[in-house]
Every structure is written in C-alpha cells, then in structure tokens.
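Please open the model in your viewer and keep the selection tool at hand. The tour below moves from one selection to the next and says what is there.

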Amino acid sequence: MTGPINSNSSTPPEEIMSYLRPLLERNRAFAATGAHAGLAIMPRQQVFLVTCLDPRVDPAAFLGVELGDAPVIRNAGGRVTEAVINDIAFISYLAETMIPDGPQVEVAVIHHTGCGRGFLADAGFRSAFAARTGLDESALAAEAVVDPVATIRTDVERLLSSPRLPAQISVSGHVYDLQTGLVTTIVDASQPRRAHSPSAETPQARR
C-alpha cells in the first residue's frame, strides 16, 4: 500500500478509491442484514451525543449506541463550537416541529483522556499549525484538551449559556477514560439557566 494521497498529485481516481474499498465491502455485508430498513428520523434514545472523532472514541463501542439510537456529532476534541451549537439548535427545532409535545432531550458532551487536541497546548505545534491554516493562534490554544475534566466544564457552560438552545433540553458532561474504558459523569444534567430566569418568563408569569 502506498502512503497518503497528495491532493495536488495526479494519482488516478481508482487508486484514491482503494483506501475505501475494504469499508465498501463491509457496507455490502451491512446492507444485506437489512438493519437499515424502517428506521425513523427521530432517535430511540432521548440523548444527543457530542464527542471526539478519535478512532478510539466511538459511541457505538463504549456506549453501545446502535443505528437509530441517537444523533452524534464528532469533531476534533468533541469541543462545543458555534457549528455544534447551531446543529443542536436545528435538531431541537426539528424535533419540536415533528413532535410538539415530545420528551426532553439530553445533550451529553463527552471528552476523553489522551486526546490529540492536547497538542494545541504546545506552543511550537500550535504556531506551526496556525501558520499553515491561517487560524487564530489564541483561539487554537483555547481549544486544546489537556485536562478533559476542565474542558468538559467549559463546554457544558457554553451550551447552557447559549441563547440558541431551547429550554426543553438538558446538558451533561462526561469524560471517557481510554485506559479503563469507563465513562465518568463530571457535570450532571441541567437545563439552560435562562429557562429559570425572569427574562425567560412570559408577561403573564411575571405579574
């Protein structure tokens, strides 16, 4: 097998596809099971997962999440970014539209030990990456995951304080330990604070 494909090279398309072919063979086996048939757009579990894209961190493995169970967002570090907040807001609105009186949903943010996002704490690595991509170095520093307990608290707070999230959801924070395989809850589920603030009440409720 050759090394990674350079996007600027003239590698024939059939060679680029060769990396995916083993997985496409698995897809044929999956399709033959019929497990994909008849699934509803609304998940079976009342959970929305946000976690890391690290191949060692797959909710299907460490949480037993099955097809149709729950929406899952995965990015580098499992960080709560503006894009993640927008996705959660969209899915929440879609659920409210389809099932107006539906059950509450919990957004569970899960970081993990030994995260590759921790390299952003290294000044040399961060500076070189910022130079290559044009990204803001101070923003990259804030995205580093060195202490997942601390970053979980930060990201849960970010979600709870977002005005785009509906009051009907709850948010919790957890850390997955790569060594033990266990998930530890760091922040118990709670609802956005504005749901309990005077500004969130209706005019009738304030009278």
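A residue counts as partly exposed when its relative accessible area lies between the buried range, under 20%, and the exposed range, over 50%. The model you are looking at is predicted.

With that scale in mind, select Phe 125, which has a relative accessible area of 40% and is therefore partly exposed.

Select Phe 62 and Tyr 176, whose rings are stacked, at 4.2 Å centre to centre and with 15° between the planes. Phe 62 belongs to helix H3 (residues 59-62) and Tyr 176 to strand E4 (residues 170-176), so this pair ties together parts that are 114 residues apart in sequence. Both Phe 62 and Tyr 176 are buried. Return now to Phe 119 and Phe 125, where the ring centres are 5.6 Å apart and the planes stand at 35°, so that this pair is tilted.

For the last stop, display the largest pocket, which has a volume of about 490 Å³. It is lined by 24 residues, and those to select for its centre are Met 42, Ile 91, Ala 95, Pro 103 and Val 105, the closest to that point. Then colour strand E1 (47-52) and helix H4 (82-98), each of which supplies at least two residues of the lining; the largest share, five residues, comes from H4. Colouring the lining by residue class shows 16 nonpolar, six polar and two charged residues.

Conventions: Residues are numbered from 1 along each chain as its sequence is written. This is a predicted model: local features need pLDDT of at least 70, side-chain atom pairs count only at pLDDT 80 or more; totals for chains, interfaces and linings use all residues. Side-chain values use heavy atoms; hydrogens and water are left out. On a 1 Å grid over the protein atoms alone, a cavity is a set of points where a 1.4 Å probe fits but cannot get out, and a pocket is an open set with protein on both sides within 12 Å along at least five of seven lines; lining residues have an atom within 4 Å of a point. Grid points are joined across faces, edges and corners, and a volume is the space filled by probe spheres set on the points. Helices (H or I, at least four residues) and strands (E, at least two) are DSSP runs, numbered from the N terminus. Ala, Val, Leu, Ile, Met, Phe, Trp, Tyr, Cys and Pro count as nonpolar, Asp, Glu, Lys and Arg as charged, and the others, Gly among them, as polar. Rings of Phe, Tyr and Trp (its six-membered ring) pair if their centres lie within 6.5 Å; planes under 30 degrees apart count as stacked, over 60 as edge-to-face and the rest as tilted. Buried means under 20% relative accessible area, exposed over 50%, partly exposed in between (1.4 Å probe, protein chains only).
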